Amino acid sequence: MPVLTIAQITDLHITTGRDPLNRLRNEQRLRQVLRAIHELQPQPVAIIASGDLADHGEPAEYEELKRILAEVEIPIYFAVGNHDRREAFMAALGGPYAATDANGFVQYAVDFDGLRMVVCDTLQEGRDGSGFTAERARWLAETLDARPDTPTIVVLHHPPILSGVRWIDPEPDAPWIAELCDALRGRDQVRVVLCGHVHRPFQGLLAGQLVSTAPATSIQVTLNLTPVDMERPDGREILVAEPPGYVLVMADQGRVTTHVCVAGDFEPAVTYTRPFGFG
Ligand SMILES: [Fe+2]
């Protein structure tokens, strides 16, 4: 079985002309990431966009997104984030690449050759934090139990682990994290849980499973691990124009590896002109 790859992009925050600066920057950066993904060899079998696709969840923003994605040659699947709105999201993107479960949440599974992707919905409209609930966790557990022997990646917008950037982190003992733990624990076919939301790449363990977050295509969150008073702005930098990026998931005979990639035009540093070896 050949190596299979899937590219994860996240936090696109596409918007309209009402916010011209963000519109231009976020579109340019998304295009930069998509160019890098299209140049990959072998080409990924799919792209998963793990939420915050639109900045305000407005129908016009999803139309902007569809305009940008019209040139994408790789199947692209979609998940919701806290900036999305389900009705506008599904009206624009629903179909073969985004579907709802029986309760109307954007949750679905996709089967690739030897790898399954299970997409979950953590959106609670009107709230920045996760709204993952017991009924969504039940759907996840049942969906995982339907194919217990197939290596699986789980995708959800909100990471259930702490980055240390305190203004964006969840409460570690939040009920939704306990629900997610119960759905993941012992289901050893899960190879990695892919997240977004924090606009930074970081990794950690939850219920014995690897959780990996991707850099945003739009703009990154500043790495500042000092305490913050959520009521008193202290002038700190919270977002930074670091380069956009993505994650490449590689599946090889059931083994899964994630690469965190920076997108940009970089000169080669060394080329392969002599046989590899010491000396
Ligand atoms: Fe975001």
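Analyst: **Asn82 and its setting**

Asn82 is placed in the loop between S3 and H3. Helices (H or I, at least four residues) and strands (E, at least two) are DSSP runs, numbered from the N terminus. The model is predicted: local features need pLDDT of at least 70, side-chain atom pairs count only at pLDDT 80 or more, and totals for chains, interfaces and linings use all residues. Residue numbers start from 1 along each chain, as its sequence is written.

Asn82 has 21 other C-beta atoms within 10 Å and is therefore buried. The classes are: buried if 20 or more other C-beta atoms lie within 10 Å of a residue's own, exposed if 12 or fewer, and partly exposed in between, with C-beta atoms placed from the backbone. Apart from its neighbours within four places in sequence, Asn82 is in contact with Asp52, Leu123, Arg127, Asp128 and His157. Contact requires the C-beta atoms of two residues, placed from the backbone, to lie within 7 Å. Gly204 is 122 residues from Asn82 along the chain, and the C-alpha atoms of the two are separated by 22 Å.

Two strands pair if DSSP finds at least two bridges between them. Axes are lines fitted to C-alpha atoms, for helices over the stretch in contact, and angles run from 0 to 180 degrees between N-to-C directions. Further into this sheet, strand S1 (residues 4–9) and S2 run parallel and are joined by 4 bridges; Ile9 has Ala49 as its bridge partner in S2.

Helix H3 (residues 86–93) packs with helix H2 (residues 59–69) at an angle of about 35°, the axes being 9 Å apart. Pro59, Tyr62, Glu63 and Lys66 in H2 meet Ala88, Phe89, Ala91, Ala92 and Leu93 in H3. By class, this contact comprises 7 nonpolar, no polar and 2 charged residues; Ala, Val, Leu, Ile, Met, Phe, Trp, Tyr, Cys and Pro count as nonpolar, Asp, Glu, Lys and Arg as charged, and the others, Gly among them, as polar.

The core of the model is considered next. The largest nonpolar core has 62 residues, and Met117, Val155 and Tyr246 are those with the most contacts inside it. Such a core is a set of buried Ala, Val, Leu, Ile, Met, Phe, Trp, Tyr and Cys residues joined through C-beta atoms within 7 Å. Leaving aside neighbours within four places in sequence, Val155 is in contact with Ile48, Ser50, Ala79, Met117, Val119, Cys120 and Leu194. In soluble globular proteins, nonpolar side chains tend to be buried together.

A second open sheet has 6 strands in the order S4-S5-S6-S7-S9-S8, again with mixed pairing. Its edge strands, each pairing on one side only, are strand S4 (108–112) and S8. On average, neighbouring strands of this sheet are turned by 25° against each other, direction ignored. S6 and S7 pair in the parallel sense over 4 bridges, and Thr152 stands opposite Val190 in S7. Strand S7 (residues 190–195) also runs parallel to S9, the two being joined by 3 bridges; there, Cys195 has Thr213 as its bridge partner in S9. S7 is largely enclosed by the rest of the structure, because 6 of its 6 residues are buried. Helix H4 (residues 134–146) lies across S4, strand S5 (115–119), strand S6 (152–155) and S7, and runs at about 170° to S5.

Ala207, in the loop between strand S8 (203–206) and strand S9 (209–213), has a positive phi of about 50° although it is not a glycine. Ala207 has 18 C-beta neighbours inside 10 Å and so counts as partly exposed. Gln253, in the loop between strand S12 (245–252) and strand S13 (255–262), has a positive phi of about 55°, and is likewise not a glycine. With 9 other C-beta atoms within 10 Å, Gln253 is exposed.
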